[in-house]
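Here is a short report on how the parts of one protein model meet.

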Amino acid sequence: MGNLLKKIGNSFKDFGHAVAYGDIWVKLSLVIMGAGYFGRKQFVRGILMTLLEGGILASIFGVFAPYMAKLNTLGTVQREEVFDIVTMKKTVNNYDNSLLILLYGIIGVLVILAFIALYISNIKAVYRIQKMKEEGEHINTFLDDVASFKNERFHITLLTLPSIGVILINIIPILFMVCIAFTNYDENHQPPTYLFTWVGIKNFVNLFTTSQTITFGYAFVRVLAWTLIWAVLATATTFLGGILLAQFINHEHTYFKGMWRTLFVITIGIPQFVTLLLISKMFGDYGIVNTWCANIGLLDFFKNIGLLGQGAQCIPFLSQPGWAHVTIILVNIWVGIPYQMLVATGILMNIPSDQIESAKIDGANKFQIFWKITMPYVMFITGPSLIQSVIGNINNFNVIYLLTYNYTTTNMAMANSNAKEVDLLITWLFRLTNEYSNFKMASVIGIVTFIICAALSLLTFSRMIGGDKEGVYR
Amino acid sequence: MKKTWKIVVRHLVLAFLAFVWLIPIFWLIVTTFSVQKGINTNHFFPEQWTLANYHQLFFEPDAAANFPAWFKNSMIIGTFSCLVSSIFVIMTAYAFSFIDFKGRKQLMSFSLILGMFPGVLSMIAMYFILKMIGLTDSVVGLIILYSGASGLGYLILKGFFDTVPTSLHEAAKLEGASEATIFAKIVVPLSKPMIVYTVINSFLNPWMDFVMVRLMIKSKDASDWTMALGLFNLLQRALVNQYFAYFCCGGLMIAVPISILFIVMQKFYVEGVTGGAVKG
């Protein structure tokens, strides 16, 4: 962070230097950005730069400025319809739309920041050309410039389109939603009919508050606890299970290895939303699994040992807390192991066999070999990605939502916050928006989820790209 | 003697596990032939068999179930998103792996942080934005969503590119090849397995996705839906007794293109999965 500030500082310093020592063309570039290029007879560049400047300024003043001016209030004029007796038509007043103000306001700010950066780098570039001219160096013609995008500046060619995509689909929406977390945008404040406005950190306070009217604090602690337990258990079970299964199939005395692998991998072939919905029906209160359990006496057994009340009609696999939690974890093992097995198979094939051989000669038994040689090796390779998959499971929408979309909570405090016992943060936030239009709280929960994931990633960050592991194979 | 016994047990265990894993798939398949349209809660196998469900699936679309339209929508979305996102991923991965430009590390760190925001969060905002320009409920809107930010998914492919020997790159440069030539003539042909893997993934992601469609498509007209949304809708309480067998048929049909992809590209795919994993 400090590094970044220093860089920005240096950039401004260079800018000042360029302005102070630049000749008339450089100084003229302060107003007309293409001037510096015209002065060195680089007309194409000059025209492009001037057009760009004009376009950006026009869009800032023509499109974004009116919205940015209202950013502090997010609009004050509410929509009203008036019935005009003379024309017999409804007329609508010139109302403010908070959503548009926020969105265009954010884009406007980004455009201005980008323009400032462009402006500074332009002056510096123009000054550099002046220097080169003075020292008689070769100045790239426009055609040279174009050619450089295939070579020295190929990364710009490659990265431009993907970056624009990321800015539009990712960065702007994220900034937008972060802002929503500080407003009162919910079902009672929906543009264009109603306005919403800034409320500061009130929503964050509400998330941790438990009172008569606000139950988010109560629900949040429970949802968060289940999210973390789920993420760790789901990762650990499928990871271990996958390695064991791969190990089992890879064993020298297992025949038809390919066939066994294929049988498990078939389950990946059918999309999760199909298999999970199907399983949710199988384990439903009146589903086929319950019929089996009643037939073989499992239902009565659970009643007898007191896990179920005497009046229970069925085993509530997916309809009661506790039961649902266990079922979800079990189903996830079913979903996750084939994939982990594929990954583990690849790793196990690369394991140095001489180590295992020498361990055998030394008289180690199978469990010792597994825990002392295989596991450390696998952990070394997949360790960082393990934390990534914990993060993936924190955001594992499919398994939870598709298995429990019919679940109804009986806990009033949970229901007041539109949460269920089986919700992860991510499914909670999804339903808050999709079913209850409570965008402000959804944003707050999203930000909290991000903070948790970011904190976890810090653990792996240095090993992923910060360290010197990169390029080991080159 | 003891050894043979052990081997038999080993295979019995495997057979049992495979059996457990295949129960739901098997149930899906047999239910597609069931005369009973709703869920049969008493019998695993249908009491009477028929092909009528498939006929209904392909030739009798109605207001609630329109598989041909869903298949078409999903296919269009999958194909175009796949095209755009594969290109984006390959370009980004190449730039980050082979070109040592200013700010490379910073950009990579930044992209890692961006990837940590829950996708649903930015999707909600995208819903408002697309609504303003009238692209919700449209195939184009979904294609933009699936492919726009795909550049962020470059890490696995970059890991693979990193294993291409630097000497190759340098030799080509000495011969006077430009970066663009090296990219097109050397690196892309060399990385075929990984690129196939990338392409398959970029197709499967939109093909199998449920979340975004659920958020983006609010249309009540069944012909606007994709497969995930349409099939999900069939399991609503009011419809499930009419359409469960239909749902199973549809679910099985979705797997067909995926299976074909898997079988054709199997070698590449396994190399891809494991190659990416080893890179971690």
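Buried area is the accessible area, taken with a 1.4 Å probe, that two parts lose on being put together, summed over both. The model described here is predicted.

**Between the domains of chain A**

By that definition, domain 1 of chain A and domain 2 of chain A bury about 730 Å² between them. Carbon and sulfur atoms give 65% of this area. Three residues of domain 1 stand out: Ala181(A), Tyr185(A) and Asp186(A). They supply 48% of the area that domain 1 of chain A buries against domain 2 of chain A, more than any other three residues.

The contact draws on 10 residues from domain 1 of chain A and eight residues from domain 2 of chain A.

The rule finds one salt bridge across this interface. Lys440(A) and Asp186(A) form a salt bridge through their side chains, at 3.1 Å from N to O. Asp186(A) is also among the three residues named above for buried area. On the side of domain 1 of chain A that touches domain 2 of chain A, five residues are nonpolar, three are polar and two are charged.

**Between chain B and chain A**

How many residues of chain B are in contact with chain A? The count is 105 residues of chain B, and they meet 93 residues of chain A. The area buried between the two chains is about 9,000 Å². Carbon and sulfur atoms give 78% of that area. Arg10(B), Trp21(B) and Met116(B) supply 9% of what chain B buries against chain A, more than any other three residues.

The rule finds zero salt bridges between chain B and chain A. Six residue pairs are in polar contact, both residues of each pair being at pLDDT 80 or more. Helix H13 of chain B, residues 237-279, gives the most to the side that touches chain A, with 18 residues. By class, that side of chain B has 75 nonpolar, 19 polar and 11 charged residues.

**The two interfaces in brief**

| Interface | Buried area | Share from carbon and sulfur |
|---|---|---|
| Chain B and chain A | about 9,000 Å² | 78% |
| Domain 1 of chain A and domain 2 of chain A | about 730 Å² | 65% |

Notes
Residues numbered from 1 in each chain as written. Chains lettered and ligands numbered in written order. Predicted model: local features only at pLDDT ≥ 70, side-chain atom pairs only at ≥ 80, totals over all residues. Heavy atoms only, no water. Contact = heavy atoms within 4.5 Å. Salt bridge = Lys/Arg side-chain N within 4 Å of Asp/Glu carboxyl O. Polar contact = N/O pair within 3.5 Å; in protein donor to acceptor, adjacent residues only side chain to side chain. Helix = DSSP H or I, 4+ residues; strand = E, 2+ residues; numbered from the N terminus. Nonpolar A, V, L, I, M, F, W, Y, C, P; charged D, E, K, R; others polar.
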